[in-house]
Structure formats: structure tokens, C-alpha cells
Amino acid sequence: MPRESLLRAPVVGAGLGIVSEGAVHRGEAGASGELAHIQVDTSSTSVCRCGRRGCLETFVSGGAFEATANRGEVWWNSPYLKEIHDDVGHISMDDVFSGIAQGDQQCVKIAADAGIRLAGVLAVLATIYNPAKS
Ligand SMILES: [Zn+2]
């Protein structure tokens, strides 16, 4: 992807805050909790803004929602997305979020598929962190 496209791409990453023993764990240079570039699918053809393929961000970010919604097989199967595509020529991540709020099945599926990917990563992290019940 040319650099200009990367700069214009809607980017909403994937990260979390880690609290350990009552304090925020910031890590080196404050980058603790960065989940975006954990590779979750080596067979993915989606190129991440970091240049690799299969990063979590390419599945769960707002940019990923937008990219998925703009695939013909997705918008074609949603009257809501098809209307936006036909009127504007491009579906934004905000359109997808609005579709989720309105219960559009394709938009809800985009979010549900992202949730499955995110849950897989969070399950691994929880297992590694091994938190106690309180
Ligand atoms: Zn990446």
C-alpha cells in the first residue's frame, strides 16, 4: 500500500490498558497493551499499516470494519450498506457503527466476527497474565 494511502486510511487501532497490583503498567515507552500487531491469521491477505499481514488490527479496528463493509459480497447483501454504497460510493466506519446500532445484519456480522478474533487474543492474554479472582 502506498504511504499516501496509509496516511489517509481510517485508523483506529486495537489496544488495552493493563492494571497490575493497583497500578497502570505502561511498559517500555508507554506501549504496553498494544494489541494491534499481534498476528492472528497468517493466511490473511489484508495488509496492516505496519506492513505485515494478519495483524489483529486488520480484523477489529474501525478501518477493518470499513474495509470489510466495502467488499462487494458484504454491501451487496445489506440493503442499508448497498444504499450508502450506491449513493456515496464508499462506506465509512461510522456507517458501519450506525448499521450496528440499527441492527443491520451485515454490520452486526462484521462486529461479531471481530469480536471472535478479539476474544481469541484476550483469552490467550488472560491465560498468560493469570489474574486472581477478587
Ligand atoms: Zn500490523
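Modeller: A29 is exposed, with 6 other C-beta atoms within 10 Å. The label counts other C-beta atoms, placed from the backbone, within 10 Å of the residue's own: 20 or more is buried, 12 or fewer is exposed, and in between is partly exposed. This is a predicted model, in which local features need pLDDT of at least 70, side-chain atom pairs count only at pLDDT 80 or more, and totals for chains, interfaces and linings use all residues. Residues are numbered from 1 along each chain as its sequence is written.

A29 sits in the loop between β2 and α2 (57-60). Helices (H or I, at least four residues) and strands (E, at least two) are DSSP runs, numbered from the N terminus. The phi of A29 is near 60°, a positive value in a residue other than glycine. Most residues other than glycine have a negative phi.

E21 also has a positive phi, near 55°, and is not glycine. E21 lies in the loop between β1 (18-20) and β2 (23-25). E21 is exposed, with 5 other C-beta atoms within 10 Å.

Now the helices. The axes of α6 (residues 93-102) and α7 (residues 105-129) come within 7 Å and cross at roughly 105°. That makes α6 roughly perpendicular to α7, a label for angles of 65 to 115 degrees; under 35 is roughly parallel, over 145 roughly antiparallel, and the rest oblique. The axes are lines fitted to C-alpha atoms, for helices over the stretch in contact, and angles run from 0 to 180 degrees between N-to-C directions.
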